[in-house]
Amino acid sequence: MGVRHLPNLLRDRLEQLPILILYLTDGCNSRCITCDIWRNPRLNMRRELVEHLADEVEALGVRWVVLSGGEAMQHPHWPAIAARFRERGVRTILLTNGLLLRRQAADVIEQIDEVVVSLDAATAANYEAIRGVDGFDLLLDGIRAVRAGDVPVTTRTTLQRANYAEMPQIIDVAKSAGVNAISFLTVDVTNPYAFGDRLIATIGSGSPPGHGPPAAALARDDIARFSDLLDRIERDYADDFASGRIAESPAKLRRMVTYFQAVLDGAGFPAARCNAPHLSTVVQVDGTVRPCYFLPVMARVGDDESGLPRLAPLQEVINTPEALALRRAYRNGERPECASCVCPLYKGPRALLRL
């Protein structure tokens, strides 16, 4: 199966699409300080569009479908959507803030292959300060509920000034909930396209609303403390690094220090190796299509000249002249967003052969 994906690495036209990411809804039940999507009126992805995409996964060689949002579990039909893709033999991953995991644990256990849940604090008070809702204990109860059903769970923490010092405690909390993997990435404060129409908090920064340099980024007096903290984490959690329970290596975590330093200096971001636009596509709730979380819209599974809905084949949409030009530009180092990407994805030939 993996051999079918190898030509993606050789040209900008995509014949295969290993990863399909769906923003099922713009609704969200968090009120995060680093995101304004919850201020938008809720729009759910049409079932017609979901069915259209599900019908294409076999021909495109889709291996993973990632259900995202907003908060994917707020789509009223998300379990049926997950089931639709699993019927097609696609591994289905749920990205969630976790607030509905406990209530809908039975659906998750039945329909989801893997859960990735946001865990942005180690205490209830700091969770509420960052996420804007009192949901810390509810989140952990939800993780335990789906783990009881043997669904793999990865926690993902977006590190920022408000929580980086809690990193060891976050690891302990995640382990106590029985998660399979613990992952960290830095808050994105440079990219105007990241995750769609979401604003990064700039309170206290003196900057206008939008993407950074916001209060969420580490200040200069935080950098040395963060570096020392990572040294301690490498020592104290050596077994978790060796087993892969902490997903990133110590070296990769130290790239975060370089990133935050570069945010302050305006240059010197760590080199990002990435071929996500050759392996993935994001379909937003309204049918617009992006090559990854961090690059702009390149096409639309949408309206024809009369303004009526038209569901174009996804293979056609991901290979428009605009899409080809965008892939060519990032591959040639012409997209400035890629230089400061906080979450690059790279899969080489050997990894693709294992798909």
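Mentor: One term before we start: a residue is buried when its relative accessible area is under 20%. Also, this is a predicted model.

Trainee: Okay. How many residues of strand 1 are buried?
Mentor: 5 of the 5, so strand 1 is largely enclosed by the rest of the structure.

Trainee: Which residues sit on each side of strand 1?
Mentor: Ile19, Ile21 and Tyr23 are on one side. Leu20 and Leu22 are on the other. Both faces are covered.

Trainee: What does strand 1 pair with?
Mentor: Strand 2, residues 64-68, is joined to strand 1 by 5 bridges, and the two run parallel. Strand 7 is also parallel to strand 1, with 4 bridges.

Trainee: Which residues are the bridge partners of Ile19 and Ile21?
Mentor: Ile19 partners Trp64 in strand 2. Ile21 partners Val282 in strand 7.

Trainee: Now helix 1. Which of its residues are buried?
Mentor: Helix 1 covers residues 47-54, and its buried residues are Leu49, Val50, His52, Leu53 and Ala54.

Trainee: What covers them?
Mentor: The cover includes strand 1, helix 2 (57-60), helix 3 (78-87), strand 7 (280-283) and helix 11 (314-317).

Trainee: Let's switch to the largest nonpolar core. How many residues does it have?
Mentor: It has 103 residues. Those with the most contacts inside it are Leu22, Leu67, Phe85, Phe226 and Leu314. Helix 10, residues 250-265, gives the most to this core, with 6 residues.

Trainee: Why would nonpolar side chains end up together?
Mentor: In soluble globular proteins, they tend to be buried together.

Trainee: What does Phe226 touch, leaving aside neighbours within four places in sequence?
Mentor: Leu159, Tyr164, Met167, Leu218, Met256, Val257 and Phe260.

Trainee: And Thr92, is that buried or exposed?
Mentor: Buried, because its relative accessible area is 0%. Thr92 lies in strand 3, residues 91-96. Its side chain reaches the backbone oxygen of Val90 at 3.4 Å.

Trainee: Which residues is Thr92 in contact with beyond four places in sequence?
Mentor: Among them are Val65, Leu67, Phe85 and Asp113.

Trainee: Last one. Where is Arg103?
Mentor: In the loop between strand 3 and helix 4. Arg103 counts as exposed because its relative accessibility is 71%, and the cut-off for exposed is over 50%.

Trainee: What separation is there between the C-alpha atoms of Arg103 and Asp141?
Mentor: 9.7 Å, with the two residues 38 apart along the chain.

Note on methods. Residues numbered from 1 in each chain as written. Predicted model: local features only at pLDDT ≥ 70, side-chain atom pairs only at ≥ 80, totals over all residues. Heavy atoms only, no water. Buried < 20%, exposed > 50% of the residue type's maximum accessible area, 1.4 Å probe, protein only. Polar contact = N/O pair within 3.5 Å; in protein donor to acceptor, adjacent residues only side chain to side chain. Contact = heavy atoms within 4.5 Å. Pairing = 2+ DSSP bridges. Core = buried A, V, L, I, M, F, W, Y, C linked by side-chain atoms within 4.5 Å.
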